[in-house]
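Please read this briefing alongside the sequence and the coordinates shown below.

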Amino acid sequence: METRTAQRLPFSFSVIGQGCWQLGADWGDVTQDAALTILDAAYESGIRFFDTADVYGDGRSEQLIRTYLQGRSHHGVTVATKMGRRANPHTGDQYTLDNFRAWTDRSRENLGVDTLDLVQLHCPPTEVYHRASTYEWLDTLVSEGRIAHYGVSVETCAEALEALSHPGVASIQIIVNAFRQKPLSQVLPVAADAGVAVIARVPLASGLLSGKYTTTTTFADNDHRSFNRDGGAFDVGETFSGVPYEVGVLAAAEFSVAVNAQGIEASPAQRALRWLIDQPGITTVIPGARTPDQARANAAAAGQPALDDATAQRITEIYSQHISEHVHDRW
Ligand SMILES: NC(=O)c1ccc[n+]([C@@H]2O[C@H](COP(=O)([O-])OP(=O)(O)OC[C@H]3O[C@@H](n4cnc5c(N)ncnc54)[C@H](OP(=O)(O)O)[C@@H]3O)[C@@H](O)[C@H]2O)c1
């Protein structure tokens with residue numbers, strides 16, 4: 001598996017990582033055995049970066065990662081977690097040093113480590129990015145040994161650019177995929193110049209880019225693809241990248257035709273990941289595999305040939321024709 005580095009971090013990232021939201025909650029049921037098997041398939045396929053959060057299943061995702069890594073000689077796995085969303089209500093005034101300490105202490109316990117590798121603010125209210133104290137307190141956590149490095153997980157390009165102006169920020173996690181292209185020009189070049197890692201989340205637009213859904217596909221009641229289509233539970237951009245479902249199904253069908261035309265033996269999901277890997281400035285791409293086979297297929301995308309120019313051009317056209325009007329100015 002190809003690895004990549006960013007100047008502000010001492011460790012390398014496998015270019016495909018494992019998104020671990022699915023192992024916690026909000027994507028239908030995933031049993032403990034299934035979750036551990038997914039992590040093992042990811043690891044055995046060369047994935048060395050796991051992305052989780054303290055709220056995924058209220059700590060379940062972090063605890064499963066601990067269970068998986070404990071007692072094995074799995075050297076070289078970096079675990080990034082997130083904090084902030086435990087705040088209830090989730091308001092800017094909850095982002096205090098005391099809460100930062102409490103949140104990270106809980107994640108340290110869940111993950112069974114003294115020092116967390118990388119902690120990301122979990123899409124905080126926009127005002128939080130603009131406060132000097134936010135970054136001072138994150139520096140305090142580093143000096144106390146609670147965390148080794150920090151970054152931010154953002155909703156918008158504007159939030160990413162604000163965070164990038166602070167020298168302690170080592171990583172930006174942002175939604176970027178064939179259906180969310182604005183960060184390619186707005187954020188990735190700035191991050192690359194600053195030596196900041198870019199962690200590409202929701203790379204399959206919540207699975208849309210696999211091309212496997214139809215307008216009649218249904219999702220479990222406890223899957224956010226059922227309950228957050230209108231943004232009722234959290235930012236609607238996290239569900240299908242904010243693309244209206246029927247529009248996304250149509251565009252995904254065109255995406256599948258476009259990538260299949262190149263004649264590479266690979267699924268549309270793998271081509272979506274390969275396209276993203278090849279965008280300048282991407283450090284790692286973190287698909288949320290929900291089965292061991294998906295984890296293996298996602299890892300394999302890193303070894304497949306790049307998209308040719310004609311296919312890449314067609315992907316740009318599909319974005320302009322169907323997707324841009326729904327997402328480009330919003331995030
Ligand atoms: N605010 C934040 O910081 C935030 C928000 C969202 C996500 N994330 C992180 O980003 C990770 C990835 O994003 P995501 O999981 O939301 O979206 P995603 O990776 O775009 O989509 C995940 C879905 O894609 C499908 N899939 C995965 N691999 C596949 C394959 N090889 N072939 C076909 N289908 C495949 C599965 O759908 P089926 O279940 O239908 O098979 C899976 O549930 C999360 O796990 C989490 O770690 C962070």
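This is a predicted model: local features need pLDDT of at least 70, side-chain atom pairs count only at pLDDT 80 or more; totals for chains, interfaces and linings use all residues.

Residues are numbered from 1 along each chain as its sequence is written, and side-chain values use heavy atoms, with hydrogens and water left out.

**Nonpolar cores**

- A nonpolar core is a set of buried Ala, Val, Leu, Ile, Met, Phe, Trp, Tyr and Cys residues joined through side-chain atoms within 4.5 Å, where buried means under 20% relative accessible area, exposed over 50% and partly exposed in between, for a 1.4 Å probe and protein chains only.
- The largest nonpolar core has 91 residues, and those with the most contacts inside it are Phe 50, Ile 172, Ile 174 and Phe 179.
- Leaving aside residues up to four places away in sequence, Phe 179 is in contact (heavy atoms within 4.5 Å) with residues including Ala 205, Leu 208, Val 243, Ala 251, Ile 318 and Val 327.

**Helix pairs**

- Helices (H or I, at least four residues) and strands (E, at least two) are DSSP runs, numbered from the N terminus; axes are lines fitted to C-alpha atoms, for helices over the stretch in contact, and angles run from 0 to 180 degrees between N-to-C directions.
- The axes of helix 1 (residues 32–44) and helix 12 (residues 292–301) come within 8 Å and cross at roughly 20°, and these two helices are therefore roughly parallel to each other; angles under 35 degrees count as roughly parallel, over 145 as roughly antiparallel, 65 to 115 as roughly perpendicular and the rest as oblique.
- In this pair, Thr 37, Ile 38, Ala 41 and Ala 42 of helix 1 meet Pro 292, Ala 295 and Arg 296 of helix 12.
- The axes of helix 10 (residues 245–260) and helix 13 (residues 309–327) come within 10 Å and cross at roughly 175°, which makes helix 10 roughly antiparallel to helix 13.
- Among the residues that make this second contact are Leu 250, Ala 251 and Phe 255 of helix 10, together with Ile 315, Ile 318 and His 322 of helix 13.

**Backbone features in loops**

- The peptide bond from Asn 88 to Pro 89 is cis, with omega near 5°, and Pro 89 sits in the loop between strand 5 (78–83) and helix 3 (97–111).
- Although Cys 123 is not a glycine, its phi is positive, at about 50°; Cys 123 belongs to the loop between strand 6 (118–122) and helix 4 (126–129) and is buried, with a relative accessible area of 5%.
- Ala 205 also has a positive phi, near 50°, in a residue other than glycine, and Ala 205 is buried at a relative accessible area of 0%.

- Gln 270, in helix 11 (residues 268–277), counts as buried at 10% relative accessibility, and its contacts beyond four places in sequence are Ala 297, Ala 300, Ala 301 and Gln 304.
- Arg 66, in helix 2 (residues 60–69), is partly exposed, with a relative accessible area of 29%, and touches Glu 109, Asn 110, Leu 111 and Gly 112, not counting residues up to four places away in sequence.
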